[in-house]
4 protein chains.
Amino acid sequence: MPRDTDRRDPRARLLAAFATVRTETERRAAPLSDEEQVIQSMADASPIKWHRAHTTWFFEQFILAGHAPGYRPFDDRFSFLFNSYYVAAGPRHERPKRGLITRPSVAEVGDYRAFVDAAMTGLIADADDTLLETLQPLIEIGLNHEQQHQELMLTDILHALSHNPLLPAYDATWRMPGKRRVSGMSEVTEMPEGIQRIGHGGTGFAYDNEGPAHRVLLPQTRIGSGLVTNADWMAFMEAGGYQDPMLWLSEGWAAVEAGGWDAPLYWRLKDGVWHSFGLGGLSIVEPEAPVCHVSYYEADAFARFAGRSLPTEQAFEVAAGQQLMDDAFGIVWQWTRSAYGAYPGYRAEPGALGEYNGKFMVNQMVLRGSSLATPDGHTRPTYRNFFHPHQRWQFSGVRLADETA
Amino acid sequence: MPRDTDRRDPRARLLAAFATVRTETERRAAPLSDEEQVIQSMADASPIKWHRAHTTWFFEQFILAGHAPGYRPFDDRFSFLFNSYYVAAGPRHERPKRGLITRPSVAEVGDYRAFVDAAMTGLIADADDTLLETLQPLIEIGLNHEQQHQELMLTDILHALSHNPLLPAYDATWRMPGKRRVSGMSEVTEMPEGIQRIGHGGTGFAYDNEGPAHRVLLPQTRIGSGLVTNADWMAFMEAGGYQDPMLWLSEGWAAVEAGGWDAPLYWRLKDGVWHSFGLGGLSIVEPEAPVCHVSYYEADAFARFAGRSLPTEQAFEVAAGQQLMDDAFGIVWQWTRSAYGAYPGYRAEPGALGEYNGKFMVNQMVLRGSSLATPDGHTRPTYRNFFHPHQRWQFSGVRLADETA
Amino acid sequence: MPRDTDRRDPRARLLAAFATVRTETERRAAPLSDEEQVIQSMADASPIKWHRAHTTWFFEQFILAGHAPGYRPFDDRFSFLFNSYYVAAGPRHERPKRGLITRPSVAEVGDYRAFVDAAMTGLIADADDTLLETLQPLIEIGLNHEQQHQELMLTDILHALSHNPLLPAYDATWRMPGKRRVSGMSEVTEMPEGIQRIGHGGTGFAYDNEGPAHRVLLPQTRIGSGLVTNADWMAFMEAGGYQDPMLWLSEGWAAVEAGGWDAPLYWRLKDGVWHSFGLGGLSIVEPEAPVCHVSYYEADAFARFAGRSLPTEQAFEVAAGQQLMDDAFGIVWQWTRSAYGAYPGYRAEPGALGEYNGKFMVNQMVLRGSSLATPDGHTRPTYRNFFHPHQRWQFSGVRLADETA
Amino acid sequence: MPRDTDRRDPRARLLAAFATVRTETERRAAPLSDEEQVIQSMADASPIKWHRAHTTWFFEQFILAGHAPGYRPFDDRFSFLFNSYYVAAGPRHERPKRGLITRPSVAEVGDYRAFVDAAMTGLIADADDTLLETLQPLIEIGLNHEQQHQELMLTDILHALSHNPLLPAYDATWRMPGKRRVSGMSEVTEMPEGIQRIGHGGTGFAYDNEGPAHRVLLPQTRIGSGLVTNADWMAFMEAGGYQDPMLWLSEGWAAVEAGGWDAPLYWRLKDGVWHSFGLGGLSIVEPEAPVCHVSYYEADAFARFAGRSLPTEQAFEVAAGQQLMDDAFGIVWQWTRSAYGAYPGYRAEPGALGEYNGKFMVNQMVLRGSSLATPDGHTRPTYRNFFHPHQRWQFSGVRLADETA
């Protein structure tokens with residue numbers, strides 16, 4: 001993403017950022033066949049082809065339609081097909097039926113991307129300064145939006161492939177990113193009680209839900225230096241963690257029973273040895289690697305088992321700003337014990353883009369950090385990711401904490 | 001299929017039949033892209049690629065594995081993937097998840113078919129007379145099985161394509177087969193009470209559920225010469241047929257309400273004109289064409305509305321044998337008022353092939369005749385097709401009848 | 001029920017029949033507290049109080065409203081509450097919510113019954129011959145209707161009580177009716193092929209679905225003299241009957257798996273001994289008693305296990321007419337392998353009473369005979385009871401048979 | 001509840017408190033017949049008889065069993081029947097089946113209450129000081145627990161009665177409590193930013209989830225003086241509030257569509273006039289009365305429509321402590337925008353009583369204040385009530401607020 005220290009012409013910067021992000025999407029889709037790009041394994045996930053088209057539609061809908069004189073949509077019917085949830089942008093195709101859209105084909109979606117890329121590139125290159133000022137924030141949100149979908153492309157295809165009994169690899173050469181100092185629960189740092197500034201108040205890009213910046217009184221908090229590891233998790237399993245309702249939230253226990261959970265998602269016991277299915281295929285669980293693909297319910301039960309809590313999102317943000325944690329970013333998202341809600345004084349923007357974040361502010365928990373699937377440049381300490389407490393197909397892990405009232 | 005009048009060497013006849021049927025499957029898949037071959041639009045339907053692989057597995061499982069010395073399966077894992085419901089043949093992949101099998105790819109399934117075709121061809125060509133006698137009934141069931149799936153390929157892809165808002169055609173040049181004497185309810189033929197022979201007792205191929213041949217006392221029956229047409233159906237709709245619970249079976253009315261039914265499946269009102277979606281795409285409903293894609297519930301309600309009944313399967317079979325009906329075959333299957341059950345003295349064969357028909361003998365209604373999607377040579381008066389009364393994605397239509405006790 | 005040999009004045013006969021039936025309903029409700037009369041344990045069952053009120057509404061709706069001059073309904077709101085499924089008689093309260101109707105109270109329903117009894121008694125006593133001729137068939141259907149509900153009162157309260165962990169008895173003194181010659185599968189009688197008359201054609205009361213009487217060609221059939229016993233059933237269980245999918249219809253096996261079936265309904269293993277819960281409470285399963293509370297799926301699987309079939313309803317009716325069976329009536333209903341459908345030439349009567357039987361003619365199986373819960377005078381060889389193949393809260397058992405094509 | 005200013009002997013105080021609370025439960029049950037005490041209208045609600053027995057079991061399980069020498073349970077089987085969700089206290093009867101427990105009867109439950117009352121009274125009266133110190137906190141939680149169920153008795157019976165088409169009144173003389181200064185959104189009070197103490201730190205009784213007391217930085221907040229009224233709500237309805245997805249959380253809109261919501265629960269349009277069903281029966285909606293029986297989703301949508309927010313639970317608690325609001329207590333609970341979670345440093349107590357609050361800390365929203373159904377003495381500013389955002393059968397209303405970051 002463009003940085004303020006970049007001294008190039010703002011058009012050149014925008015064009016470079018645009019090209020970088022758009023190319024990364026294609027790079028992630030490249031290992032996949034047409035068949036693999038069309039399927040959808042659950043309503044929560046979307047087909048790869050849909051991600052590629054939807055992110056393209058976003059530019060067409062929110063930028064080209066209003067700002068490129070004489071722009072004609074690539075295909076009038078795509079708005080219906082590739083709108084995700086923007087009520088203000090018109091009716092949409094049913095989400096759980098996305099996997100039935102064989103046409104436009106993968107090749108036609110490629111053409112669609114090229115068509116919109118050309119139009120966007122022309123629009124940026126030819127924009128006068130006034131137009132550029134209007135375009136810049138819209139393009140930034142479009143690119144950040146596409147980066148979010150880049151992460152989902154990997155989580156969604158992994159979920160889909162996991163339903164194939166043959167367990168095909170997304171990329172057989174893929175490896176879990178190098179562990180730096182994954183130390184589990186052995187080391188903690190303490191932050192004293194004090195007033196802290198939370199939220200995004202700077203000049204770079206941020207989503208509306210990261211603001212307004214505001215002050216909070218952080219209680220005295222100890223936070224784990226490292227992530228909870230697979231070895232830690234196996235200890236939890238061996239101690240009967242998945243069999244003891246006293247460790248679980250009531251709805252968490254219901255999820256355990258309904259889903260028959262006895263290990264993280266994608267773990268399979270094969271000849272008595274725990275394996276996990278990942279982007280590289282099936283492999284033996286590495287004890288020192290951070291645990292991944294656990295739900296909030298599991299993270300919470302584990303914390304209770306360990307006699308700790310999960311951090312609040314504020315504690316995480318402060319600790320991240322002070323660099324008190326190892327592996328805060330780039331490996332697994334970390335569940336916080338904060339429900340996803342509005343910051344004080346938050347108001348959603350008017351219009352369709354106001355639907356981006358605000359309308360999901362209930363029944364979800366905040367995750368902080370970022371994961372191996374998060375694209376470069378899409379990470380910052382104020383970033384608020386959010387999912388439902390039962391969901392575990394994201395690259396989600398656990399860091400522990402403790403507070404003193 | 002081989003006919004008894006064929007004077008060629010039985011090996012040559014079998015090879016020709018094998019080639020004909022296997023080629024027809026590929027011909028039906030040919031218009032479809034890889035993406036279109038992988039998707040599954042409901043649990044009742046299967047992907048095209050799955051049909052192609054499953055019918056191939058059938059030969060591998062029930063013939064090559066036991067009769068081709070030294071035969072090694074193309075891929076050991078395919079048995080799990082492509083077994084449909086044969087409990088005796090081992091565990092199976094979950095039916096509703098068939099649409100998530102991106103690998104083996106369409107191309108690999110093509111290779112699988114070629115591999116099995118070569119093995120089967122060699123086996124037949126080299127068989128001595130004793131082996132041939134063993135093989136012949138197995139191959140016949142394998143080819144008839146594949147022909148059934150050929151019909152399902154068309155019904156299933158039509159259902160899948162109907163979920164794409166773009167309504168793409170399977171084959172834009174496709175046309176409803178030429179109407180011969182579709183005369184709706186205007187003409188009837190009468191059969192007097194009498195003892196009739198029902199079921200298959202001849203020498204050609206038939207499924208086990210078509211026998212034992214047996215005698216029944218057919219009551220005096222009038223049967224419609226023609227099929228119920230779209231014009232007839234529109235009259236039913238205009239008379240409020242879909243709004244009057246008194247015309248419906250209790251469970252039929254529940255289906256109307258739950259599904260919001262107000263017309264046959266695939267009918268859509270566009271600019272005030274009824275269109276229907278078919279293999280050739282969306283087109284205006286033709287009044288003189290036979291109504292298609294109606295459920296048993298709808299057929300029964302229509303018959304009540306018309307002051308008639310549906311024929312019993314025995315009446316249909318007798319009338320077909322006496323050629324009393326137009327369009328009995330090759331256009332639409334015709335719902336009978338007979339529940340699908342065993343003929344007197346029926347026993348399922350032992351082993352996996354005994355699961356073919358017998359275990360479905362409850363909660364389904366018999367359809368007789370055949371449809372535009374039925375492959376050549378797969379039609380006979382004793383043939384018993386069966387579906388649940390709410391299902392309407394088959395090429396199913398209506399013929400009326402009347403009985404006197 | 002009135003018999004033709006009764007030489008009393010037809011008014012006196014009707015009054016006596018009316019009093020007998022109405023009193024029997026109250027006798028069956030008498031052991032139950034107000035609390036026990038209001039609850040509903042599943043959508044298939046109804047509260048005792050509802051049965052008492054609904055049977056009363058039937059007389060009000062179909063007789064008093066049209067034939068008793070100046071009759072005013074006891075309460076205008078009861079028609080909505082106590083109509084079961086007669087679309088033609090107006091809107092109804094939702095079936096699964098019947099258990100929430102605390103008012104009218106049990107006492108008020110008692111008043112309602114007394115009010116309608118008085119009106120009916122007056123109407124009958126004062127009717128002239130013309131009116132009497134009109135009334136007689138209506139009253140007969142009203143009384144037969146009430147007798148059907150008397151059976152349901154016992155099956156429904158048993159189901160409700162079975163959900164109480166305390167397993168309270170409906171009547172602690174209740175005993176399974178005396179076994180006469182329950183001989184399981186050890187003895188059979190053979191009926192030769194031949195044309196037989198089926199259905200009700202006499203002068204006494206029968207439901208419309210028992211006609212028209214018609215001729216059928218019965219195939220050669222052997223039918224078991226006795227009922228299948230609990231000892232027979234235990235042998236099936238011990239042989240793994242509930243664990244072997246090859247014995248089951250496909251939908252039957254799905255029911256076994258979904259419901260966790262491993263024994264008849266109401267059987268419970270207690271300290272290693274099979275007990276069954278019945279109207280008298282929990283007691284040890286008696287080996288010689290007929291098995292009860294099994295579904296069609298179970299009956300069919302058992303027959304396959306035994307190498308036999310279930311009888312057709314026609315075979316049962318002929319055998320009953322010739323008195324070839326022990327315990328055909330009065331102990332358990334016997335599943336036949338006949339799907340419930342219309343006899344040749346059947347037409348439902350117009351109007352609300354035409355909804356009585358015809359609209360259920362799909363997806364159900366016929367049971368023949370009668371049970372311990374069937375009231376006196378409600379039994380005849382042509383009687384067709386019908387339930388869905390998964391249902392097992394009725395007093396339903398098994399008799400075996402065999403046919404030769 | 002006992003107050004610290006009470007100078008009586010602590011035994012006398014406890015006995016008086018015990019008698020008061022136990023009597024209030026009976027007073028609330030008194031208008032209801034046996035039939036009305038047994039029914040259960042949804043899984044979220046429980047039968048009146050169950051509330052009466054469960055609150056009694058609580059004393060038996062957590063006090064008498066451990067502290068009354070020689071105490072024998074009234075009935076050993078009641079623990080299974082009347083345990084609600086205390087995993088640590090043993091297995092329980094299925095929650096949705098509570099409405100099928102006809103025995104023990106209402107009268108027997110009355111006996112059970114009397115039996116436990118006698119034992120508890122004896123235990124308290126005879127307790128020495130050491131025992132008294134142990135008993136006091138347990139009795140307090142038992143009485144507070146029973147008071148919570150007293151509120152639920154009214155919400156649950158109202159829900160059950162609402163399913164009776166006759167809409168019977170719980171108590172025909174019941175009236176909505178006198179409005180004091182219900183002023184809707186017309187007047188607000190402002191609280192400046194500042195550090196505030198939140199949570200219970202005093203000596204009286206409080207639930208564990210009200211602590212630990214801790215300091216927070218409250219942002220500058222304006223809070224409405226009055227409650228949102230029915231007139232305000234009708235303005236929302238007339239402006240199309242229930243038809244505009246832009247006003248709703250995404251899951252809220254799904255609830256609107258799934259439930260067909262177009263007004264608060266229990267509102268019914270009758271002859272063009274909005275009525276509401278309450279404890280006194282059906283009556284015309286009073287414009288000046290506070291709106292009641294709305295979900296969090298509705299409260300949130302209304303706030304968005306009004307250009308405001310809901311208060312945080314902290315803002316409410318501070319405003320309540322400073323008496324800045326009218327009608328904060330005793331009319332309707334007020335939804336806050338705070339998700340229900342743990343206060344910093346919260347740890348659930350070990351053992352069964354630790355299950356009281358902590359295991360519900362996800363997916364629910366906090367309500368503050370109290371309602372017309374809240375018993376006397378069960379109200380305090382730190383009290384945290386919590387329900388799922390879709391639930392609306394509680395006496396739940398709306399107060400608006402605003403924050404400045």
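Good morning. For residues 18–153 of chain A, UniProt lists "domain: DinB-like", from an unreviewed entry; such annotations may be inferred rather than shown by experiment, and the positions are given in the numbering used here, with feature names shortened. The structure is a predicted model, in which local features need pLDDT of at least 70 and side-chain atom pairs count only at pLDDT 80 or more, while totals for chains, interfaces and linings use all residues. Residues are numbered from 1 along each chain as its sequence is written, chains are lettered from A in the order in which they are written, and side-chain values use heavy atoms, with hydrogens and water left out.

Over residues 18–153, chain A is 65% helix and 0% strand, with the end C-alpha atoms 18 Å apart. Helices here are DSSP runs of H or I with at least four residues, strands runs of E with at least two, numbered from the N terminus.

I turn to the interface.

Four salt bridges cross the interface, each a side-chain nitrogen of Lys or Arg within 4 Å of a carboxyl oxygen of Asp or Glu. One of them joins A:Arg103 to B:Glu36, with the closest N and O atoms 2.1 Å apart.
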